[in-house]
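Please keep the sequence and the structure in view while reading.

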Amino acid sequence: MPFKPPKRSKVFTVIIVVAVGLFGLFWSLSSTYIHPPRNVPMLFENLTEKSYTTLGKQTPCWVTDGLDTAPVVFVLAHGYGGTRTSWADFAVRMRTRGYACILPAMPGQDASPFDSVGFGVTESSVLAEIAEAVRKQRGPSVKIVIGGKSLGGAAAWLATQKTDQADAVLTEGAFARFDEAMDHWLGHVVPGGAFLLRPLVWITTARTQIRPSSIVPLEAAAAWRGKPALVIQAAEDQIMSATHASRLVEASGATYFTVAGARHVECYSVDRDGFEAHVEQLVRSIPRRSGS
């Protein structure tokens with residue numbers, strides 16, 4: 001019996017069904033990417049709750065005591081999919097050194113009032129506005145360090161373009177360009193993911209109106225050049241290539257600290273003493289502001 005090719009209408013129907021199915025799949029993946037599962041942790045010991053108005057909403061923060069008197073205040077962002085616990089141990093330890101810390105819940109995660117992740121755009125505004133609030137309360141005498149891990153670290157660099165109230169930058173595992181970091185991450189999730197999952201990028205870009213190529217902490221780092229900064233990188237980081245850290249260091253002139261044996265955002269747990277020693281050096285390098 002001779003082979004009969006399927007009718008064009010049937011082929012067209014199959015193509016439509018497959019296309020709709022793929023679109024639905026990538027839409028679902030995009031939703032998860034924009035709205036990652038939330039984990040709201042229990043309040044960490046020796047920290048208290050406080051909120052700051054950021055972009056018109058009340059952003060919940062964990063804080064140490066001493067915000068009214070400490071000579072240095074750290075404003076520290078957790079990474080994508082993380083919580084305020086990522087900086088909690090560090091915050092408690094910094095208080096024993098006489099410093100204070102503010103740990104905000106990042107947009108779309110933890111207990112943040114913002115519905116979706118901002119991929120550095122919204123996060124940087126949150127950090128910048130908290131720094132502004134601290135400066136308004138404390139005046140020129142306090143030294144403000146803006147910092148973060150991973151996406152939070154990228155947001156810290158971007159925040160320096162939105163406020164002039166930061167005195168130093170502290171980042172761990174931050175990316176230099178979001179488009180490059182995203183492609184690397186997609187390839188980490190699925191072999192060839194930067195190509196195979198490209199529709200995820202297109203759909204997410206359309207939904208958020210945020211172009212990955214427009215998020216460039218490297219530019220902020222270059223503008224910051226000559227000011228106090230510390231870039232920390234895990235030697236075994238498989239998620240954020242060390243090339244991001246080295247480019248941020250080259251652009252900003254920051255001190256570079258690599259932690260052997262550490263994976264992504266594990267630097268403090270692997271080498272607490274080295275981490276704290278470098279942070280102390282960073283604090284000591286901050287000049288006094290005029291009027292203080």
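How many aromatic pairs does the count come to by this rule, in which rings of Phe, Tyr and Trp (its six-membered ring) pair if their centres lie within 6.5 Å? The count comes to 12 aromatic pairs. Planes under 30 degrees apart count as stacked, over 60 as edge-to-face and the rest as tilted. This is a predicted model, in which local features need pLDDT of at least 70 and side-chain atom pairs count only at pLDDT 80 or more, while totals for chains, interfaces and linings use all residues. Residues are numbered from 1 along each chain as its sequence is written, and side-chain values use heavy atoms, with hydrogens and water left out.

Two of the pairs share Phe 90, and the table gives their geometry.

| Pair | Distance between ring centres | Angle between planes |
|---|---|---|
| Phe 74 and Phe 90 | 5.7 Å | 90 degrees |
| Phe 90 and Tyr 268 | 5.6 Å | 85 degrees |

Helices (H or I, at least four residues) and strands (E, at least two) are DSSP runs, numbered from the N terminus. Because Phe 74 lies in strand S3 (residues 72-77) and Phe 90 in helix H2 (residues 88-96), their pair ties together parts that are 16 residues apart in sequence. Tyr 268 lies in helix H10 (residues 267-270), so its pair with Phe 90 ties together parts that are 178 residues apart in sequence. Phe 90 and Tyr 268 are both buried, where buried means under 20% relative accessible area, exposed over 50%, and partly exposed in between (1.4 Å probe, protein chains only). Phe 74 also counts as buried, because its relative accessibility is 0%.

A nonpolar core is a set of buried Ala, Val, Leu, Ile, Met, Phe, Trp, Tyr and Cys residues joined through side-chain atoms within 4.5 Å. The largest such core has 39 residues, and those with the most contacts inside it include Ile 102, Ile 130 and Trp 157. Its largest share, six residues, comes from helix H3 (residues 121-138). Apart from this core lies another, of 29 residues, with Leu 170 and Tyr 268 among them. Leaving aside neighbours within four places in sequence, Ile 102 is in contact (heavy atoms within 4.5 Å) with residues including Tyr 52, Phe 74 and Ile 130. In soluble globular proteins, nonpolar side chains tend to be buried together.
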